Amino acid sequence: MSDLELHKYLPKLPEIALQEFTEWCVVEQSRAAGIEFIPDKSKLEKLIPNEYIWQLIDQFMKVKPDAIKAGLVSAIAGQEADSHGLLGSAIMVDFIALYVKYLIPENGNTPEEAKQLILEAAIQQYEKLSELADKYNVQF
C-alpha cells in the first residue's frame, strides 16, 4: 500500500508530467465521481506547466456537484496534502489527486465498498503516474 502514496514520487517528476497527471485526474478520473469537467482551454493557452496546473485546479475546484461533500473532501485532502510537506506544484497535484480519489466512492453503499473504491482509484493514480514516469525517463 505504501507504493500508492503518490506524494513520495511527485517531486521526482518534471512539471510537464505533473501537468499531464493533473489533467488526467480532473478530466478522466473524476468521471468516476460523477463529475464531467471540461477545462476552459482559452485560460490555459500559453501557460507554463506550473501556471497551467494551478489554473486547471482552480477551474476544477469551482465545479462542485455536492457542495457539502466537496467541502468535506477538500478539507480532508488539504489536511493530508499539508502533512506530506511538499512544495510548489507537487503539493497542488498531491491535493487534487487526494481530492478526486476521495470523491469517487459515492457509489459505495458500505464502508468496505467505499474503501475498495478508494483503493482502486489509488491504484489507477499510481499506474498513471508510473506511465508518466516512464514517458519522462524518471525512476521511482
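**Salt bridges in the predicted model**

Student: Which residue does glutamate 20 pair with?
Tutor: Lysine 135. Their closest N and O atoms are 2.9 Å apart.

Student: What does that pair tie together?
Tutor: Glutamate 20 sits in helix H1, residues 15-28, and lysine 135 in helix H5, residues 111-135, so the bridge joins parts 115 residues apart in sequence.

Student: Where does glutamate 20 fall, buried or exposed or in between?
Tutor: Glutamate 20 is partly exposed, at 26% relative accessible area. The buried class needs under 20%.

Student: Switching topic. Which residues are linked in a network?
Tutor: Glu28, Arg31 and Glu36 are linked by salt bridges. Within that network, arginine 31 bridges to glutamate 36, with 3.4 Å between the closest N and O atoms.

Student: What about accessibility for arginine 31 and glutamate 36?
Tutor: Arginine 31 is partly exposed, with a relative accessible area of 40%. Glutamate 36 has 59%, so it counts as exposed, the cut-off being over 50%.

Student: And aspartate 58, what does its side chain meet?
Tutor: The side chain of lysine 62, in a salt bridge of 3.1 Å, N to O.

Student: Is lysine 62 buried or exposed?
Tutor: Exposed, at 64% relative accessibility.

Note on methods. Residues numbered from 1 in each chain as written. Predicted model: local features only at pLDDT ≥ 70, side-chain atom pairs only at ≥ 80, totals over all residues. Heavy atoms only, no water. Salt bridge = Lys/Arg side-chain N within 4 Å of Asp/Glu carboxyl O. Helix = DSSP H or I, 4+ residues; strand = E, 2+ residues; numbered from the N terminus. Buried < 20%, exposed > 50% of the residue type's maximum accessible area, 1.4 Å probe, protein only.
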